[in-house]
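Please look through the sequence and the model below before reading on.

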Amino acid sequence: MNTLTDRPQQEVFLDKLSYEVPTTRYVGSKRRFLEFMHAVTKSLISKDSVVLDLFGGSGIVGYHFKRQGFRVIYNDYLKFNWWIGKALIENTERQLVESDIKSLLEVKKSRKYPTLIQDTFKNYYYTDEENRWLDIVSTNIRYLRKESKKAAAYYALFQACLTKRPWSLFNRVNLAFRLAEQERSFNNKTTWDTSFETMFRRFCDEINQVVFNNQHDNIAMNESAENLSLKSMELKPDIVYIDPPSGRSPSGLLDYYQLYHFLEGLTDYHSWHERIDYQSYNLRLKPRQNSWSNPVELKDAWKKCIQSFRDSILVISYRSPGYPKLAWIEKLLKTQKQDVQVFTQNGLSRIVTSVNQRLEMNEHVLVAE
Ligand SMILES: C[S@@+](CC[C@H](N)C(=O)[O-])C[C@H]1O[C@@H](n2cnc3c(N)ncnc32)[C@H](O)[C@@H]1O
């Protein structure tokens with residue numbers, strides 16, 4: 001059996017992607033590694049393959065597979081990501097024309113606008129004026145009847161929210177930092193200060209431009225990975241792409257529910273109030289059980305996941321150093337699969353599987369067939 005050290009070197013060369021990649025920003029996004037993903041996976045599947053993106057996040061990998069002409073099932077346990085998945089992957093055509101966008105931005109006399117964001121999040125993440133804008137536009141989005149249109153509008157809203165936050169996150173309360181006129185090692189202040197309306201319009205344009213029909217019935221799902229079954233749809237994925245929350249150490253596992261609590265709250269505006277943990281300093285949501293963010297349960301979650309999708313080709317993204325260790329995951333895959341390969345991207349657009357280089361580099365793709 002091949003071990004980590006005795007496998008012959010493999011090289012895969014990167015091609016430029018032939019489409020415009022959406023500008024999503026998300027912790028752990030594989031946007032920068034799409035060419036690498038493409039190089040590793042392009043020979044694995046044929047035109048009618050079904051690909052399950054089990055931990056879809058920004059949707060960028062699912063979108064890539066959609067671009068390659070495959071049927072894509074996107075999944076993420078967060079509701080806001082599900083809306084993004086619907087907009088990028090499930091939708092087949094442009095949804096928002098100028099009259100829709102104008103209508104979403106208008107205060108309508110006939111509507112009552114709740115003020116939860118203005119009342120609850122004053123001085124937390126956005127200015128008073130921005131909080132008011134969010135209360136109004138999110139209410140108008142909820143009034144949209146067509147789900148596909150709503151998905152496009154939420155896509156634009158969430159991307160706008162992310163661009164106006166330092167580090168595009170909600171784990172820290174740092175509005176004062178964002179507003180301060182000071183020298184910074186990085187400077188996104190111009191973007192942070194750009195109005196919500198401008199940003200929202202920019203992302204409405206973006207989603208209109210990138211959405212397309214690949215002639216398949218692509219679906220976005222919103223399940224916890226361990227509960228996801230495609231059996232009721234009589235679907236068996238040819239490939240399952242697995243990119244769960246990662247961390248350098250057991251205590252550093254990322255909790256996406258908390259990093260993006262504000263966007264998740266926006267998707268459940270009427271119950272948001274009850275879900276907020278008012279004891280927390282950043283008004284995050286009350287904790288939610290998730291084995292993939294829990295160091296005690298993580299290895300079992302991996303085992304169950306690999307077991308339940310053992311009949312598909314498994315493609316796994318892994319960043320090192322990480323937890324569990326790469327060798328542990330490789331060994332786990334070998335309990336279910338004959339052929340397990342580990343590819344590593346180096347800084348020279350060249351991918352090798354040499355263990356020495358793997359130690360120096362940090363983005364890997366494992367393929368188990
Ligand atoms: C590393 S990110 C995926 C990044 C994605 N591949 C991309 O390129 O944007 C991990 C994702 O797993 C999701 N997630 C966490 N726990 C989950 C669970 N139990 N079931 C499904 N998705 C989960 C998170 O919401 C997050 O979006």
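Pro324 has its place in the loop between E6 and H15, where helices (H or I, at least four residues) and strands (E, at least two) are DSSP runs numbered from the N terminus. The structure is a predicted model, in which local features need pLDDT of at least 70 and side-chain atom pairs count only at pLDDT 80 or more, while totals for chains, interfaces and linings use all residues. Residues are numbered from 1 along each chain as its sequence is written. The peptide bond that leads from Tyr323 to Pro324 is cis, with omega near -5 degrees. Pro321 also lies in the loop between E6 and H15, and a cis peptide bond, with omega about 0 degrees, joins Ser320 to Pro321. Most residues other than glycine have a negative phi, and most peptide bonds are trans.

Of the 6 residues of E9, 5 are buried, so the strand is largely enclosed by the rest of the structure.

What lies in the largest nonpolar core? This core has 92 residues, and those with the most contacts inside it are Tyr155, Ala156, Leu157, Leu314 and Leu366; a nonpolar core is a set of buried Ala, Val, Leu, Ile, Met, Phe, Trp, Tyr and Cys residues joined through C-beta atoms within 7 Å. Helix H7 (residues 147-163) gives the largest share of this core, 11 residues. Domain 1 (1-92 + 218-251 + 298-369) and domain 2 (95-211 + 256-289) both give residues to the core, so it lies between them; the domain bounds come from an automatic or database domain assignment. Leu157 touches Val137, Ser138, Ile141 and Phe200, not counting residues up to four places away in sequence, and two residues are in contact if their C-beta atoms, placed from the backbone, lie within 7 Å.

The C-alpha centres of domain 1 and domain 2 are 29 Å apart, and the contact takes 16 residues from domain 1 and 24 residues from domain 2. The side of domain 1 that touches domain 2 has 9 nonpolar, 3 polar and 4 charged residues, where Ala, Val, Leu, Ile, Met, Phe, Trp, Tyr, Cys and Pro count as nonpolar, Asp, Glu, Lys and Arg as charged, and the others, Gly among them, as polar.

The loop between H7 and helix H8 (175-179) holds Val173, which is partly exposed, with 14 other C-beta atoms within 10 Å. Leaving aside neighbours within four places in sequence, Val173 is in contact with Tyr124, Tyr281 and Asn282. Trp167 is in the loop between H7 and H8 and has a positive phi of about 60 degrees although it is not a glycine. Ser168, also placed in the loop between H7 and H8, has a positive phi near 55 degrees and counts as partly exposed, with 17 C-beta neighbours inside 10 Å.

Elsewhere, Ser229 sits in the loop between strand E4 (219-221) and strand E5 (239-242). Is Ser229 buried or exposed? Ser229 is exposed, with 10 other C-beta atoms within 10 Å. Ser229 and Ser308 are 79 residues apart in sequence, and their C-alpha atoms are 9.1 Å apart in space. Helix H1 (residues 34-41), by contrast, is mostly covered, with 6 of its 8 residues buried.

How values were computed
A residue is buried if 20 or more other C-beta atoms lie within 10 Å of its own, exposed if 12 or fewer, and partly exposed in between; C-beta atoms are placed from the backbone.
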